[in-house]
Structures are given as C-alpha cells and as structure tokens.
Amino acid sequence: MKRTLLTFLSILIGLYIILTLWDGKSEYVAEQMIWKANHKLAQIQKNPEAVPESVYKQITALYTAIMTQFSHTRLGPKAAILAGNVYLVKKDYPTARQRFNDVFTQFSNNKEACAEAAMGIGKSYEAENKWSEAVKYYEKTIIDYPTTDIGLMMPVYVASYYRTQKDKDSAQMATDRAIRFYKNILSANPDAGIEFKTLHLLSNFYISLERWADAVETMGKVLMKYPTRQTAAATVTAINQISLLYLSDSNLAVNVYKEFIKKHPKHPLNETLKKMIASFQIIKEKNITLKVQDKK
Amino acid sequence: MEKKETVYQPVTLLRTSVNTFISHPIIIYPLIILAFIQLLVLELLFFYPRFPLSVFFGPIVRRIWSEGYMHYPFNFALLPQLYYYAQLIIYIFIGVFLSAVAIEIIAAVNSERKASLKAALRKTLPTYIHVFLLSIISLSAVYGLSRAYGLLIHRAIQLKAETGILAMLKNTIIYGEPYANLFLGMIITTILAFTIPIIVIERKKIFAALFLNFQIIFRSLFFVFTLVFLPTLFYVPILLLRSSLMAPTSQIIPPFQFIILLLSVVVTIFIDATVLTATTTYYLHKKESK
C-alpha cells in the first residue's frame, strides 16, 4: 500500500508541476501577479505615509515585472498604469508622471491605456494644485482618445470641476462643450456600442445640471434604441421619477412610452407602460403634484 | 459479555473501528483510491482556466457562467461549485462502489478471512448495479431534504423580525444552511446505514436490501445515528473555515479555497473510514447475535 500511496502522490505532484510549467507565461499568471500587487497597493492606500520605502519599491517592482514579462497581454499596459498610481499614492508626482509618460511610448497602440496615462498625469498635477497643467492632459484624453471610457467621461469631469470651484463662466463653457462633444460622438457613431455609453453619460450629465426635460429626452433615446429587459426597466423608473418629482409634467414621458409601444409592439414591458400612461392620465386629471420642494 | 459491552458503547465502537483500520490498512485502501480520484479531479479543476485545460473548460464556463470565471481570482469562486458537480458524478459511479469494496474487506477482516483488494473488487463487482441505484436513491433523498430546507430559508427570509427570538431563529435558519445540510446528510446516512452491508454481505438486491435495512435500523436508530454523528463532527471545522472565507471582510488569498477543498477530501476519507467500519462491525455483530 505504501507503494500505491507514493505512486498516487507522485502522479498528483507531477501533474501539478507539468500543468504549472506548461502555462507559465500566460495571462492567468499575470492576473495572479497583478492581484497580489493590487492587494498590497490597497493595503498601503489606507495609510500611505506610514509605509516604508521598501514596500513601495516591492510593489512597483511587481508591476514592472508584469509590464515587461506580459507586455503582449492586456495586463502589460494595465500594470504600467498601476505602477504610476503607486507613485500617486506615494505623492511622488514627478516620478508618477514619468511612469505614465512611459505608457505613451511603450503602449502607443493601446488607446485605453494612453487615455488612462493622460488622466494619471492630469491627476498628478491636480494633486499639486496645478489645474492649468492638469486640464491640458484632461483635454488630451478628450481630443486624442475621444471614444475611450476615460475620453468619454472627461468632459463631465472638467465641467464638474469648474462647478465645484464656482467658476460660473468656465463651468458654462465646459458644459456647452461637453454637450457638443457628446452630440458629435453620437452623430459620428450611430448604432455603435459607444452610442449607448454616450447616451447614458449625457443623460446623467443633464440630471446633474437639472435639465430634466433634456434628461428625459435622452433617456427616451436609450429606451428606444436599447430595449433590453434590464436597461428598459431601469430607464423607465428613472423617466417616471424625473417626470413626477422634478418636471411635474408627464407629457414627455407619455410621448416616449407611446413611441416605444409603437416601435416595439411585442415588447414585454408594453403592458406596464400602458398602465403607466393611464396612471399619468389620472394624475393629470386630478391635478396631483409630487414636485420636490426647491431647497433654495 | 465483555464483547457485548464493547459493541454497545458508540464511542468504544468508534475507537475500535479506528484501531481496526489502523491495524488493517487494507480497509482504507478503496477509500484511498477514491481520495486519489477526487484529488486528481480537484487538481484538474484547479487548472481549468489555464492552457491546455482551458480548451475544454473555456467554452463550458463561458456559456454557463461568464467570461469572468476564466480569470484569476474569480475562478476560485466557481471552483467549489465545479468540484461539487464532479463529486456527485464520482460518488454515483465510483464512490459508493468503492465503499462497498471497503465493506467487503471489513467483513473479511471481521471473519478473520484473508482480505485483499483484488478479491474484494471481484466479489463486489456483481453488486455494482445495486450500489449504483442506492447512490441515486440516497442522493435524491439528500436533494429532497435540501430543497425542503431551501423552502424553510425562503420562509425565514420573509420574516421581518430584526430583534428577539424570531430574528435569532431567522438568522440561524439562513446562516446555518451548510450545517443543516451536513445534518440532513447524517440523517440519510443513518437511515440507509446497513443497506450497502446487506447488499455486499447478504448478496441482496437493492429493494430487498432497503427493506431489510429499515427492519433493522429503526430498532437501533439512535445508536447508529451516534456512530454517524460523532465522526462527522470532524467536518465542522471545514465548514467554519469555508464560511469565514466567504465573509465579505475575508482577507484570505483566493487559492485557500483550493486548500480547503483538499483538506475536505482528506477529512472525508477519515470520516467515511470510521463510519463504514463502525456501522459494518455493528451490523455484523447484530447478525451474529440473532
């Protein structure tokens, strides 16, 4: 029996070694390494000042190793960005910018990574209170990488910055520019995956600006073009809330729902929408107001 | 008289059983083969997101679950579930049969015959279909009881109580699910405890064996339950480890899921060896004393 046990053990250990070595350079190994590094980064973020220099070095070494060994995988550029983030946490902004700049040269074909690197540089300047420098890099994401997630989100970020700074003129300019930007993206990319993201960002942006009618109209477009069960339900809920609580005008919502039923006659949501149209009618007839009180 | 007293004390019988399989390791030979098969399958599942196994598992995992489970560390969230399905198949097709082989060896050891794995395999093979059917019956029973417990959980979730006895009951039902399932498993093991020994030793067919089993088991239900319950308690630390790993605050690195599954295989073998030896010895004693 001892021999059998040894044979079994040898097979299990042997197989483990073979399967580990067989796939030693794959993305999975990079995922393991990046998880380990991210885990450490999350730990030091709790109290970055108390972390010894050696720990920072350890983490950046790990990211650098992933960057060089797995540059062919999607995690190579990700590791390069995270290496820059380590220096942001450390508040060593010049080095952070240097690491982010490396991304432009090493992964110039990867638009998402380059956009993230540009944002990283912007963040480093913003952390140093150098907004004029920061905004240059934020603009870079909008101009050079407009269809990336970062590029799409950046106009809203810039406009929000001016609003929080109470710089009304700049805020208005940034807002107008953001809306123009999203409309351009929408007309240049009809029926593409990017359209859905852009419509969402635009409707949320309108909500933040309290432009309720524009928000409902944009959500109507989302509903019309992307009527999946989950998206549709969430969009209808949002349209209802805005119409009842902020607009006190159900006409827009009713028009959207009627158009939806006409365009998608067999959609499972239609029965609910018909009931909603009827409810809106009752609210209108009885003159019920649910408008949220203006805090000002 | 002395022998009778030895047999009729559950703890003593369990101690004797452990001593028996330590002094006759041939008893646990089939269970070691079973453990090896389980560990081999677990090892293959550990590597499922990686080449070359990803070629086979990739399309299945992507289709049933999602792409995310092909990546670290999310593969470890799916690993216990995949292993559970694999275990069911192993149990139905090989596990119960190897337990039957172990019982044949225990019977041989008890009657002081020469015990060998080959001979036990040869002798047990004709009973394969009956133990196979028994595995289906016992799994169906466990599944049925688990579903019933699921309904209880559903009812508990609907309870609105946040404090007091009702809230305590609600939390016990919801968070005690793994332990309840373990307990339900014990009940099924107890109720069917003598079925495999009857199939193997008496050469009875499945339904005759079940009938005979029920005739005997209800006369010594509590005793047999104790024989099953005490060794199975060794599985509780595994459940505790698992639930602590699942806690949102858990800081444990993902491969620990795999280590816990490895541990559970080893612990289960020990539990199975003890329970099988004890219940079979008890059955043989009852048969002799008739």
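User: How much area do chain A and chain B bury between them, and what share of it lies on carbon and sulfur atoms?

Analyst: Buried area is the accessible area, taken with a 1.4 Å probe, that two parts lose on being put together, summed over both. In this predicted model, chain A and chain B bury about 2300 Å² between them, with 72% of that on carbon and sulfur atoms. On the side of chain A, the residues that lose the most area to chain B are A:Met1, A:Tyr28 and A:Trp35, which together make up 29% of what that side buries. As to conventions, the model is predicted, so that local features need pLDDT of at least 70 and side-chain atom pairs count only at pLDDT 80 or more, whereas totals for chains, interfaces and linings use all residues. Residues are numbered from 1 along each chain as its sequence is written, chains are lettered from A and ligands numbered from 1 in the order in which they are written, and side-chain values use heavy atoms, with hydrogens and water left out.

User: How many residues does each chain bring to the contact, and which polar links does the rule find across the interface?

Analyst: Contact means heavy atoms within 4.5 Å, and by that rule 21 residues come from chain A and 25 residues from chain B. A polar contact is a pair of N or O atoms within 3.5 Å, where within protein one must be able to donate a hydrogen and the other to accept it, and where residues adjacent in sequence count only if both atoms are side-chain atoms. Eight residue pairs, both at pLDDT 80 or more, are found in polar contact across the interface of chain A and chain B. Helices here are DSSP runs (H or I, at least four residues), numbered from the N terminus; α1 (2-22) and α2 (27-45) of chain A are the elements that give two or more residues to the side of chain A that touches chain B, and α1(A) gives the most, with 10 residues.

User: Which salt bridge crosses between the chains, and how far apart are its closest N and O atoms?

Analyst: A salt bridge is a side-chain nitrogen of Lys or Arg within 4 Å of a carboxyl oxygen of Asp or Glu. The rule finds one across this interface: B:Arg50 pairs with A:Asp23, the closest N and O atoms being 3.3 Å apart.

User: Are these two partners buried or exposed?

Analyst: Buried means under 20% relative accessible area, exposed over 50%, and partly exposed in between (1.4 Å probe, protein chains only). B:Arg50 counts as buried at 6% relative accessibility, and A:Asp23 is buried with a relative accessible area of 7%.

User: Which residues does A:Arg74 bridge within chain A?

Analyst: A:Arg74 forms a salt bridge with A:Glu27, the closest N and O atoms being 2.7 Å apart, and another with A:Glu31 at 3.1 Å, N to O. Because A:Arg74 lies in the loop between α3 and α4 of chain A and A:Glu31 in helix α2 of chain A, the latter pair ties together parts that are 43 residues apart in sequence. A:Glu31 is buried, with a relative accessible area of 4%, whereas A:Arg74 is partly exposed at 49%.

User: Which residues touch the most other members of the largest nonpolar core?

Analyst: In soluble globular proteins, nonpolar side chains tend to be buried together. A nonpolar core is a set of buried Ala, Val, Leu, Ile, Met, Phe, Trp, Tyr and Cys residues joined through side-chain atoms within 4.5 Å. The largest has 87 residues, of which A:Tyr63 and A:Tyr257 touch the most other members.
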